Amino acid sequence: MQRPNKHPEITAHMGSYINARRAQLGLSLGMLGERTEMSKTHVWQIERGRAKNPTLGVMLALCDGLQCSLNDLLGRDVSQPTLTAAEMALIEAHRRKDAA
């Protein structure tokens, strides 16, 4: 059973970014696979969106192999957490409780 794609917008960006960055660096799938210590097939699966939830280790290896930041690979700033309205309300309630 395949796991659901939790963030399709990120995996779509990753695939197109990997493809464009490989072309920019003149790397084949095999060459990127060697740089990342992944199989050519696995790199292809990520690039084509068939690997839905790559691990952090895989993403960091891709960053090294493509000489890019994690932000570039994911297409978003991951230096700050993104909180939902419900999470923010919970934090505010906790702060008010501590202030009282």
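**Entry 1: R22**

I started with R22, which lies in helix α1; helices here are DSSP runs of H or I with at least four residues, numbered from the N terminus. I'm working on a predicted model, where local features need pLDDT of at least 70, side-chain atom pairs count only at pLDDT 80 or more, and totals for chains, interfaces and linings use all residues. Residues are numbered from 1 along each chain as its sequence is written, and side-chain values use heavy atoms, with hydrogens and water left out.

Is R22 buried or exposed? R22 counts as buried because its relative accessible area is 11%. The cut-offs: buried is under 20% relative accessible area, exposed is over 50%, and partly exposed is in between, with a 1.4 Å probe and protein chains only.

Next I looked up what R22 touches. Leaving out residues up to four places away in sequence, I found L27, S28, L29, L32, E47 and L66; contact means heavy atoms within 4.5 Å. I also noted that the R22 side chain reaches the backbone oxygen of L27 at 2.8 Å.

**Entry 2: salt bridges**

How many salt bridges does a search of the whole structure find? It finds four. To count, a side-chain nitrogen of Lys or Arg must be within 4 Å of a carboxyl oxygen of Asp or Glu.

One of them joins R22 to E47, with the closest N and O atoms 2.7 Å apart. This pair links distant parts of the chain, since R22 sits in helix α1 and E47 in helix α3, 25 residues apart. E47 is buried because its relative accessibility is 5%.

E47 has another partner: R48 forms a salt bridge with E47, the closest N and O atoms being 4.0 Å apart.

I then moved to R95, which forms a salt bridge with E92 at 3.0 Å between the closest N and O atoms. The two are three residues apart in helix α6, so about one helical turn separates them. E92 is partly exposed, because its relative accessible area is 32%. Back to shared partners: salt bridges join R22, E47 and R48 into one network.

**Entry 3: α2 against α4**

Here I checked helix α2 (residues 29–36) and helix α4 (residues 56–66), whose axes come within 8 Å and cross at roughly 115°. Axes are lines fitted to C-alpha atoms, for helices over the stretch in contact, and angles run from 0 to 180 degrees between N-to-C directions.

Which residues meet? L32, R35 and T36 in α2 meet A61, L62, G65 and L66 in α4. By class, I get four nonpolar, two polar and one charged residues in this contact.

**Entry 4: around α4**

I listed the buried residues of α4: V58, M59, A61, L62, C63, G65 and L66. What covers them includes α1 (8–25), α2, α3 (40–47) and α5 (70–74). Just after α4, I noticed that Q67 takes a positive phi of about 55°.

**Entry 5: G75**

Where is G75? I found G75 in the loop between α5 and α6 (85–99). G75 counts as partly exposed because its relative accessibility is 48%. I also looked up G75 against T11: they are 64 residues apart in sequence and 9.5 Å apart in space, C-alpha to C-alpha.

Technical notes
Ala, Val, Leu, Ile, Met, Phe, Trp, Tyr, Cys and Pro count as nonpolar, Asp, Glu, Lys and Arg as charged, and the others, Gly among them, as polar. A polar contact is a pair of N or O atoms within 3.5 Å; within protein, one must be able to donate a hydrogen and the other to accept it, and residues adjacent in sequence count only if both atoms are side-chain atoms.
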